[in-house]
Amino acid sequence: TNLPLQTSTFNLCVGTLPTPPANDECDGAYQLTVNSDMSCASVTAGDLTGSTGSTVNDTDCFGTADDDVWFSFVATETRHAIGLNDLAGSTTDLYHSLWTGDCTGLTLVPNSCSDNESSEPSGLTIGDTYYIRVYSYTSSPLQTSTFNVCVGTLPPPPANDDCTGAIELTAGGEFATSPLISSNVSSTT
């Protein structure tokens with residue numbers, strides 16, 4: 001205000017921010033164990049408390065990556081399932097994406113940005129290392145979200161996953177006594 005002789009009172013607090021976690025940057029990524037199935041028997045704990053943003057090109061993904069943490073795994077199949085489980089803390093709206101390369105030159109895996117707590121990236125190269133970037137969707141600072149990360153192995157696609165493997169149907173009988181049981185578990189596009 002431009003009025004002279006204003007009197008205001010206030011309190012001032014200077015605090016210390018929490019120390020960033022060891023996996024705050026890509027080069028400190030926690031190594032994940034790939035589960036041989038979808039059971040998530042092996043998980044790795046994650047925590048956004050004190051985390052800061054990394055300098056990678058994130059224009060392809062959404063949310064505000066100002067508090068990311070990193071994990072890595074070696075692909076054992078061309079498709080894997082990634083799950084963020086047991087979410088707790090200041091926000092449970094977490095975002096993740098998958099990256100390839102090394103920490104000095106990461107490339108986003110196409111279609112791997114996920115606002116869901118799970119994703120199933122495909123087109124992976126067996127034996128290559130991939131990096132998972134996890135952050136809160138919100139731009140509010142000082143998030144304290146905790147979670148567990150799981151990388152699972154999807155079952156193989158069904159025999160009729162492609163048109164060339166179509167199962168021939170035989171018409172006849174009554175629906176109630178002649179059902180055809182099928183599943184689209186692990187099917188691909």
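Which backbone nitrogen does the side chain of threonine 138 reach? The side chain of threonine 138 reaches that of serine 140, at 3.0 Å, a polar contact in the sense of a pair of N or O atoms within 3.5 Å, where within protein one must be able to donate a hydrogen and the other to accept it, and where residues adjacent in sequence count only if both atoms are side-chain atoms.

This is a predicted model, in which local features need pLDDT of at least 70 and side-chain atom pairs count only at pLDDT 80 or more, while totals for chains, interfaces and linings use all residues. Residues are numbered from 1 along each chain as its sequence is written, and side-chain values use heavy atoms, with hydrogens and water left out.

Threonine 138 lies in the loop between β8 and β9, strands being DSSP runs of E of at least two residues, numbered from the N terminus. With a relative accessible area of 24%, threonine 138 is partly exposed, a class between buried (under 20%) and exposed (over 50%), computed with a 1.4 Å probe on protein chains only. Leaving aside residues up to four places away in sequence, threonine 138 touches Thr64, Asp66, Thr91 and Gln143, contact meaning heavy atoms within 4.5 Å.

Tyrosine 95 is 43 residues from threonine 138 in sequence, and 9.5 Å away in space, C-alpha to C-alpha. Tyrosine 95 is buried, at 3% relative accessible area, whereas tyrosine 137 is partly exposed at 31%. These two tyrosines form a tilted aromatic pair, 5.7 Å centre to centre with 45° between the planes; rings of Phe, Tyr and Trp (its six-membered ring) pair if their centres lie within 6.5 Å, with planes under 30 degrees apart stacked, over 60 edge-to-face and the rest tilted. The pair links distant parts of the chain, tyrosine 95 being in strand β5 and tyrosine 137 in the loop between β8 and β9.

The largest nonpolar core has 18 residues, of which Phe71, Phe73, Leu98, Ile132, Val134 and Phe147 touch the most other members; such a core is a set of buried Ala, Val, Leu, Ile, Met, Phe, Trp, Tyr and Cys residues joined through side-chain atoms within 4.5 Å. At least two residues of this core come from each of β3 (69–74), β4 (81–88), β5 (94–102), β8 (129–136) and β9 (146–152). Phe71 and Phe147 also form one aromatic cluster with Tyr30.

Terms used:
Helices (H or I, at least four residues) and strands (E, at least two) are DSSP runs, numbered from the N terminus.
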